[in-house]
Amino acid sequence: MRLGFVMLTHTALDRAAQVARYWASNGCPVVIHVDRRTPAAEHDALRAGLADLANVRFSPRHVCEWGTWGLVAATQAASSMMLAEFPEVQRVYLASGSCLPLRPVGELQAYLDQHPRTDFIESVTAADVDWTIGGLNSERFTLRFPFSWRKHRVLFDGYVRLQRRLGIRRRLPEGLVPHLGSQWWCLTRQTLSAILDGPGRAAYDRFFRKVWIPDESYFQSLVRIHSTNIESRSLTLSKFDFQGKPHIFYDDHLQLLRRSDCFVARKIWPQADKLYETFLSPEAASQPRAEPNPGRIDRLFSKAVERRLTGRAGLYMQSRFPTRERENGRTAAPYSLFQGFAELFEDFETWLSKSAGIRVHGNLFAPDRVQFAGGVGIYNGCLSDSTALRDYNPRAFLASLIWNTRGERQCFQFGPDDAQKITEFIAGDPNAQVSVITGAFAIPLFRSNLNFGIIRTEAARLQRIESEFLSVLRAPTSKARVRIWNLAEFLENPIEPLQTIVDEINPRSPHRLSEVPRLVDLTGFGQFLQNLRNQGMKPVLMGDFPVNGPSPTSGRRARSKQ
């Protein structure tokens, strides 16, 4: 069974010539159509370069603009020339100038011999399948499209709206059921002759001239009228992204293309020298082959689409960054925020670092500077301790910190005196584990020597800020893992929450705490809170403290449970 190729080209004519020579040298006639918009000098150079091949022809040139009738007219002209000048051809394979054969021509001919009188063309009903991505599906047949979608978008959209408003609906030619599918097919001579020379061609051509993207519907619809045996799939490997744009294959896709076992692939990058050298070489025939199965690589393309749409968790990229809440996870890994612990315990950061085996930061959102672990000025990923840089985009600062330190748990302190713009971001982050001792902000004020009037004003301000933070943490939209104790409640049994915190940070090696941090001296703290009340400020976040007498745990280490 003789096989002929029709090639539609417009750019990278040197690669098209290379592939055409490969097919022609292996006994397959080739008819080439060159877009009329391609410079005449390039067209003439292509003809001259293939002039030594007796089975290569060039068809009359048409303007081939995407989505317009020109692509169908070019295919018709080249196919008619193939049938007229090469009567021995029994199969016609439509390809583009960016196509590349992945298997020897002999294998393709043998495969077609095993499927006699079978037309390989993707053809699905427009009414039952949503073929188009981000475009018109059934309306491409019922409306008229005299304007180019790419060149005259305003006119295109305006005319579509006008036809919808007026209720215009085109009548389909009798017996025509619209079908859609890939532009690239392999048809038998009988079917292709019936489409090109059938008595109804003039009516079909008039109808499809005003159809949008007719190259995906003309042959796909008419083959249902004339063919007796259709295999609704293309023998050309072509993959499309979520926007409907074709994936381009590069040199590093070599093994991927081999794995598909397909006969032809598009679109190949013109500079993919390795692909052209590998698949057009005589050694390509020595590779073991199986049934063409593009599904073998669908999983990789699905992952590529998913990565394009969502990215990696906690990593912001150009396609999502400008739009808020389109991130794939706000941060890349779990982290812990502590509020009130550094105020209640002496040297809490050192103790936590030793107990959990991690580095612990101070107040990352402190008003004066970013308090990185160890007091460094530059941290992983060249993050600076500059508050101006941090506050320019605090969300990006925290996300970058977690991303740059993947594999190492980040823990940091937070308080009502810190920059608060980050609170909603943390509350909505499933990776955040937040532990808060409410009212602990009053301990540094209690131990200060400030004027009591200043203390009262500052305590009221900090309490208001902490109350707002607690409201954010308790909101229905909060996704963080939150633990909240008031100060008095926490002091009743501090060892249990400390043990829970350490186990949460290092769940793979839980152990009983052998050492706990020293509490600050809270003797007189109850009277301090009463003095705030007497001055007109109502402390509500600290819990119930006795006015007289020291706290039962003041000045001593918290004792472990036996």
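**Entry 1**

I started at P101, whose bridge partner in strand 12 is V264. I am working from a predicted model. Strand 5 and strand 12 (residues 264–265) run antiparallel, and two bridges join them. I then looked up the whole sheet. It is open, has three strands in the order 5-12-11, and its pairing is mixed. Strand 5 (100–101) and strand 11 (236–237) are at the edges with a single partner strand each, so one side of each has no neighbour in the sheet.

Next I went to strand 2, residues 30–34. I asked which of its residues point which way. V30, I32 and V34 point one way, V31 and H33 the other. Both sets are buried. Strand 2 is thus mostly covered, with five of its five residues buried.

I checked the pairing with strand 1 (residues 2–9). Strands 1 and 2 pair in the parallel sense, over five bridges. I noted T9 opposite V34 of strand 2. Strand 1, helix 1 (residues 13–25) and strand 2 form a β-α-β unit, and it is right-handed.

I then turned to strand 3, residues 56–58. It runs parallel to strand 2, and three bridges join the two. Here I found I32 opposite F58 of strand 3. The chain gets from strand 2 to strand 3 through helix 2 (residues 40–49), and I logged this β-α-β crossover as right-handed.

**Entry 1: a helix pair**

I picked helix 7 (residues 189–197) and helix 9 (residues 218–226). How are they placed against each other? Their axes are 10 Å apart, and they pack at an angle of about 110°. I count angles of 65 to 115 degrees as roughly perpendicular. Helix 7 and helix 9 are therefore roughly perpendicular to each other. I listed the residues that make the contact. From helix 7 they are T191, L192, A194 and I195. From helix 9 they are Y218, F219, L222, V223 and H226.

**Entry 2: confidence**

Last, I looked up the pLDDT. The mean for the protein chain is 88, and 91% of its residues reach 70 or more. I flagged residues 552–562, where the pLDDT is below 50. Beyond near neighbours in sequence, this stretch has 26 contacts in the model. Where pLDDT is low, the predicted coordinates should not be read in detail. I left the contacts of residues 552–562 as a count of 26.

Terms used
Residues are numbered from 1 along each chain as its sequence is written. This is a predicted model: local features need pLDDT of at least 70, side-chain atom pairs count only at pLDDT 80 or more; totals for chains, interfaces and linings use all residues. Side-chain values use heavy atoms; hydrogens and water are left out. Buried means under 20% relative accessible area, exposed over 50%, partly exposed in between (1.4 Å probe, protein chains only). Helices (H or I, at least four residues) and strands (E, at least two) are DSSP runs, numbered from the N terminus. Two strands pair if DSSP finds at least two bridges between them. A crossover is right-handed if, with the strands pointing away from the viewer, the path from the first strand over the helix to the second runs clockwise. pLDDT is the predictor's confidence in each residue, from 0 to 100. Contact means heavy atoms within 4.5 Å. Axes are lines fitted to C-alpha atoms, for helices over the stretch in contact, and angles run from 0 to 180 degrees between N-to-C directions. Angles under 35 degrees count as roughly parallel, over 145 as roughly antiparallel, 65 to 115 as roughly perpendicular and the rest as oblique.
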